[in-house]
Amino acid sequence: PKDLTIGEAAILAGLLPAPEYLSPYRNPEKSLKARNEVLDRMVITGFISEIECEQEQEKGLPDSLSSGPAGSAYLSVNGAAYRAPFFVSEVLYYLQQQLGKEFLDRRGGLKIYTTMDLQWQEAAERLLYKDGKSGYLTDTEAAIVSMAPQDGAVRVLVGGRSYERSQFNRAVLAQRSP
């Protein structure tokens with residue numbers, strides 16, 4: 001915390017109402033708007049001066065965020081800004097179908113519990129990613145799904161070699177021959 005600038009701290013505080021929706025990776029404009037609202041409140045409460053607020057509000061996102069998630073400790077193996085991107089994207093799509101995009105955007109802060117095993121998920125992502133880099137089958141795609149036989153719970157869902165390169169989820173959307 002002591003190494004954060006006022007603007008960085010305001011970005012973090014601005015994320016709290018809806019972390020996914022206000023993520024600087026997903027919604028840089030909304031993230032900046034939330035940051036600016038926090039800075040305005042900091043002036044009202046006397047934590048910073050109006051001049052400091054204006055100086056921070058003139059700045060864009062910090063370089064570490066505006067250039068994308070590269071270098072982020074939260075970067076998934078295959079280049080997305082959050083972990084298990086194919087799995088998470090499928091969950092978000094399902095929620096959007098069930099609840100509506102407006103509800104999710106307005107509401108934020110939902111806690112969603114899934115059957116994913118993050119350790120297995122990331123191992124599967126690494127496997128596909130490394131296989132794609134090994135020189136063998138570099139132009140082909142692949143997908144992995146692992147389900148618990150007892151109850152059908154999806155433990156792993158990887159829809160391709162690189163989410164950054166293609167968000168098409170082959171595990172769910174690809175056509176297969178009979």
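**Exercise 1. Gly-7 and its partners**

Which residues does Gly-7 touch, not counting residues up to four places away in sequence?

*Solution.* Note before starting that this is a predicted model.
- Step 1: Locate the residue. Gly-7 lies in helix H1.
- Step 2: Check its surroundings. Its relative accessible area is 4%. Buried means under 20%, so Gly-7 is buried.
- Step 3: List the contacts beyond four places in sequence. Gly-7 touches Arg-35 and Glu-56.
- Step 4: Compare sequence and space for one pair. Gly-7 and Arg-35 are 28 residues apart along the chain, and their C-alpha atoms are separated by 7.2 Å.

**Exercise 2. The two sides of H2**

Find which residues of helix H2 are buried, and which exposed residues sit on the face turned away from them.

*Solution.* 
- Step 1: Take the dimensions. H2 runs over residues 28-44 and has 17 residues. From its first C-alpha to its last it reaches 25 Å, close to the expected 24 Å.
- Step 2: Pick out the buried residues. They are Ser-31, Ala-34, Arg-35, Val-38 and Leu-39.
- Step 3: Look down the axis. The buried residues of H2 fall within an arc of 140°, so they line one face of the helix.
- Step 4: Recall the general rule. An α-helix has 3.6 residues a turn, so residues three or four places apart point the same way.
- Step 5: Turn to the other face. Glu-29, Lys-33 and Ile-44 are exposed there.
- Step 6: Ask what covers the buried side. The cover includes helix H1 (6-15) and helix H3 (50-58).
- Step 7: Gly-46 follows H2, and its phi is positive, near 85°.

**Exercise 3. A serine in a loop**

Decide whether Ser-23 is buried or exposed, and name what it touches.

*Solution.* 
- Step 1: Ser-23 is found in the loop between H1 and H2.
- Step 2: Its relative accessible area is 11%, so Ser-23 is buried.
- Step 3: Leaving out residues up to four places away in sequence, Ser-23 touches Leu-15, Pro-28 and Ser-31.

**Exercise 4. The largest nonpolar core**

Work out which element supplies the largest share of the largest nonpolar core.

*Solution.* 
- Step 1: Collect the members. The core has 10 residues in all, including Phe-86, Leu-128, Val-156 and Tyr-163.
- Step 2: Sort by element. Helix H5 (85-99), helix H7 (118-133) and strand S2 each supply at least two residues.
- Step 3: S2 gives the largest share, 3 residues.
- Step 4: Find the other core. Another core lies apart from this one; it has 5 residues, among them Ala-10, Val-38, Ile-48 and Cys-53.
- Step 5: Zoom in on one residue. Beyond four places in sequence, the contacts of Val-158 include Phe-86, Ala-124, Leu-128 and Ala-171.

**Exercise 5. Asn-169**

Describe the setting of Asn-169, from its loop to its contacts.

*Solution.* 
- Step 1: Asn-169 lies in the loop between strand S2 (154-158) and helix H8 (170-173).
- Step 2: With a relative accessible area of 5%, Asn-169 is buried.
- Step 3: A polar atom of the Asn-169 side chain lies 3.2 Å from the backbone nitrogen of Ala-171.
- Step 4: Not counting residues up to four places away in sequence, Asn-169 touches Phe-86, Glu-90, Leu-157, Gly-159 and Ala-174.

**Exercise 6. Confidence**

Identify where the model calls for caution.

*Solution.* 
- Step 1: The chain averages a pLDDT of 80, and 80% of the residues score at least 70.
- Step 2: Over residues 67-79, pLDDT stays under 50.
- Step 3: Where pLDDT is low, the predicted coordinates should not be read in detail.

Technical notes. Residues are numbered from 1 along each chain as its sequence is written. Side-chain values use heavy atoms; hydrogens and water are left out. Helices (H or I, at least four residues) and strands (E, at least two) are DSSP runs, numbered from the N terminus. The expected span of a helix is 1.5 Å times one less than its number of residues. Buried means under 20% relative accessible area, exposed over 50%, partly exposed in between (1.4 Å probe, protein chains only). The arc is that of the directions from the helix axis to the C-beta atoms. Contact means heavy atoms within 4.5 Å. A polar contact is a pair of N or O atoms within 3.5 Å; within protein, one must be able to donate a hydrogen and the other to accept it, and residues adjacent in sequence count only if both atoms are side-chain atoms. pLDDT is the predictor's confidence in each residue, from 0 to 100. A nonpolar core is a set of buried Ala, Val, Leu, Ile, Met, Phe, Trp, Tyr and Cys residues joined through side-chain atoms within 4.5 Å.
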